[in-house]
Every structure is written in C-alpha cells, then in structure tokens.
Amino acid sequence: MRIRTIRLITFSPTGTTRRIADEIALGFQGESIERLDLTLPTAASASISTTTTDMAIIGAPVYGGRLPVEAVRRFKAINDKGTPAVLLVVYGNRAVEDALLELRDLASSCGFKPIAAAAFIGEHSFSSDHTPIAPNRPYTDDLVQAFRFGTEVRRKMQRQEFDLPQIPGNIPYRDHAKLPQTSAITIESACRKCRACLTACPTAAISIRDVIETNQKRCILCCACIKKCRHSARILPDAQIKQIAERLSATCREPKAPQTFY
Ligand SMILES: Cc1cc2nc3c(=O)[nH]c(=O)nc-3n(C[C@H](O)[C@H](O)[C@H](O)COP(=O)(O)O)c2cc1C
C-alpha cells in the first residue's frame with residue numbers, strides 16, 4: 001500500500017505534541033505532509049472536512065488525565081470519512097489516565113478509523129528552572145522512538161491490518177481536574193511589548209493596549225505565553241499552581257517511557 005499524503009492534526013500550545021507528531025509522520029515516509037494545526041484561535045471557528053489523505057496523525061496534550069476541553073471542541077469540527085488514524089497524546093511525566101481513550105472515542109466520532117495509538121512524554125507546561133518537571137523532553141531518544149513507531153504503523157497498514165489494540169483508560173472518563181480560576185500575568189517592567197505572548201495564546205486571552213491584560217476566563221493555563229516570552233515577563237503566580245508544580249517536580253522525577261499500541 002502506497003502512503004502518499006499524511007495529515008497531521010494537532011493541538012499543541014507549547015509545541016511538544018507537534019514535535020513528536022512530526023517525527024511519527026517522518027517515520028511513515030509518506031510523500032507529503034499536510035498540517036492542520038488547531039492550536040491558534042483562528043482554527044477554532046473552522047468547520048473542516050478531510051481532503052483525500054491516506055492517513056492521519058491526531059495529537060493533543062494530556063490535561064488532568066483528559067484532553068484539554070478546548071482541543072476537544074476544535075477537533076469536533078472535523079468531519080472525516082474513515083481515514084486510518086494514529087492517535088498521539090503527550091503528557092508531562094505524571095500520568096495519561098483517560099486521555100488516550102478519550103482521543104480514540106473523539107477521533108472515531110469525527111469519522112476516523114483509529115489503527116494505532118501512543119503516549120509520549122513532553123516537558124510539563126508547569127516546568128521551570130525552580131521546579132523542573134520532565135525538562136527538555138522529548139529527548140532525542142523519544143524522537144527516535146516516535147520515528148520507529150511511524151515506520152511500524154506503516155508496515156501494519158501495508159499488511160492491511162487496521163485493528164486498534166486495547167488501550168489503557170476508563171469509561172466513564174475521570175472528571176476534569178479542578179484548577180484555580182487564574183491566569184498567567186505580565187510583569188510590566190520586564191515586558192517589551194513584542195507581542196510574542198499574544199501570538200502564542202491559543203484562546204486569544206491576552207490583549208495589549210497601554211497595559212497587557214489577560215482574560216482569566218479564557219486562559220487555559222497552557223503556559224504557551226510563558227514559554228514563548230524571551231524576557232521572562234510572563235509568570236503564573238497563583239499559589240495553588242506553584243504548589244502543584246513543586247509537588248510534580250518532587251514526585252515525577254523518574255523519566256517514564258513512551259508507550260505504543262499498534
Ligand atoms: C492544565 C494542564 C494540565 C496538565 N495535566 C497533566 C496531567 O494530567 N498529566 C501529565 O503528565 N501532564 C499534564 N500536563 C502537562 C502536559 O501534558 C505536557 O506539558 C505536554 O507536553 C504539553 O503539550 P504541548 O507542548 O503540546 O502543549 C498538564 C498541563 C497543563 C497546562
């Protein structure tokens with residue numbers, strides 16, 4: 001079976017899911033890759049039908065053992081007609097819980113045919129120099145494994161095998177984590193008004209006028225603005241989030257290994 005086009009569909013505020021999805025796609029060695037990045041607010045309102053691609057890779061991060069609510073909302077706009085799909089969740093070395101199962105059900109409800117799945121590890125969004133949590137992941141070795149996974153799934157497709165093995169998780173899915181209603185904020189004295197935070201924000205929560213304002217109701221705590229700011233002007237000062245980061249930094253030190261199902 002010749003695999004020509006691969007469609008990469010991702011929601012990835014801090015970029016780790018996108019990096020790993022890219023590597024899986026390279027391992028497939030298809031002739032071309034079409035990207036559908038649903039991370040930015042402009043993608044939120046689109047209604048999307050699949051073009052004729054031979055397979056899809058669908059990737060999202062794990063938030064509280066589930067998929068981010070905003071990612072689910074955006075993926076739901078896709079209307080597919082049976083394209084074989086590889087599912088990818090990326091988590092910050094704590095746990096996947098029900099996110100991969102949720103992605104399987106979501107992809108099926110959009111019309112895809114899930115045939116393989118994987119959970120990889122990316123630097124945790126709440127990771128910082130003070131509270132490192134899976135810093136610098138994915139490592140090179142993670143990317144090599146992602147590439148090999150792509151190659152293996154390609155072989156599976158060439159054998160005309162389209163079944164998805166059992167993947168971990170529970171139904172009903174766990175409740176969404178209750179995080180504080182807060183947001184990242186700007187240290188005005190450090191800010192150069194370069195707008196990198198505004199451009200990176202998946203929910204258009206940041207506005208720049210005389211001062212920089214962040215809409216708490218829109219902020220999904222993804223930390224894209226913090227990671228993109230070259231002047232360390234964006235911070236998440238909430239005490240509860242700091243506590244979570246400290247706890248995770250202490251308890252999630254042992255690097256977990258990627259898991260693949262195909
Ligand atoms: C609100 C929130 C909740 C998260 N929950 C989890 C979790 O339950 N388990 C985990 O291991 N990592 C969790 N993470 C970390 C992300 O899954 C991880 O950083 C991932 O690499 C982010 O993907 P991205 O770079 O594609 O945005 C969470 C991150 C955020 C912002």
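**A predicted model: core, domains, ligand shell and loops**

Colleague: Leaving aside its neighbours within four places in sequence, with which residues is Val-89 in contact?

Modeller: The model is predicted, so local features need pLDDT of at least 70 and side-chain atom pairs count only at pLDDT 80 or more, whereas totals for chains, interfaces and linings use all residues. Residues are numbered from 1 along each chain as its sequence is written. Two residues are in contact if their C-beta atoms, placed from the backbone, lie within 7 Å. With the sequence neighbours set aside, the partners of Val-89 are Ala-60, Pro-61, Val-62, Val-96, Ala-99, Leu-100, Leu-103 and Ala-119.

Colleague: Of the 70 residues in the largest nonpolar core, which touch the most other members?

Modeller: A nonpolar core is a set of buried Ala, Val, Leu, Ile, Met, Phe, Trp, Tyr and Cys residues joined through C-beta atoms within 7 Å. A residue is buried if 20 or more other C-beta atoms lie within 10 Å of its own, exposed if 12 or fewer, and partly exposed in between, with C-beta atoms placed from the backbone. The residues that touch the most other members are Ile-24, Ile-57, Ile-58, Leu-88, Val-89 and Leu-103.

Colleague: Which residues of the helix H4 are buried?

Modeller: Helices (H or I, at least four residues) and strands (E, at least two) are DSSP runs, numbered from the N terminus. H4 spans residues 99-109 and is mostly covered, with eight of its eleven residues buried. The cover includes strand E4 (55-61), helix H3 (69-75), strand E6 (84-91) and strand E7 (113-121). The buried residues are Ala-99, Leu-100, Leu-101, Glu-102, Leu-103, Arg-104, Leu-106 and Ala-107.

Colleague: Of the 25 residues around the ligand, which come nearest?

Modeller: Domain 1 and domain 2 both give residues to the shell around the ligand, so it lies between them. Helix H1 (16-28) and E6 each supply at least two residues of this shell. Those that come nearest are Thr-17, Pro-61, Gly-92, Arg-94 and Gly-122.

Colleague: Is Ala-134 buried or exposed?

Modeller: Ala-134 lies in the loop between E7 and H5 (140-158). Although not a glycine, Ala-134 has a positive phi of about 50°. Because 23 C-beta neighbours lie inside 10 Å, Ala-134 counts as buried.

Colleague: Is Asn-136 buried or exposed?

Modeller: Asn-136 is likewise in the loop between E7 and H5. Its phi is positive, near 65°, in a residue other than glycine. Because Asn-136 has 10 C-beta neighbours inside 10 Å, it counts as exposed.

Colleague: What is omega for the cis peptide bond that joins Arg-137 and Pro-138?

Modeller: Pro-138 lies in the loop between E7 and H5. The cis bond from Arg-137 to Pro-138 has an omega of about 10°.

Conventions: Near = placed C-beta within 6 Å. Domains from an automatic or database assignment.
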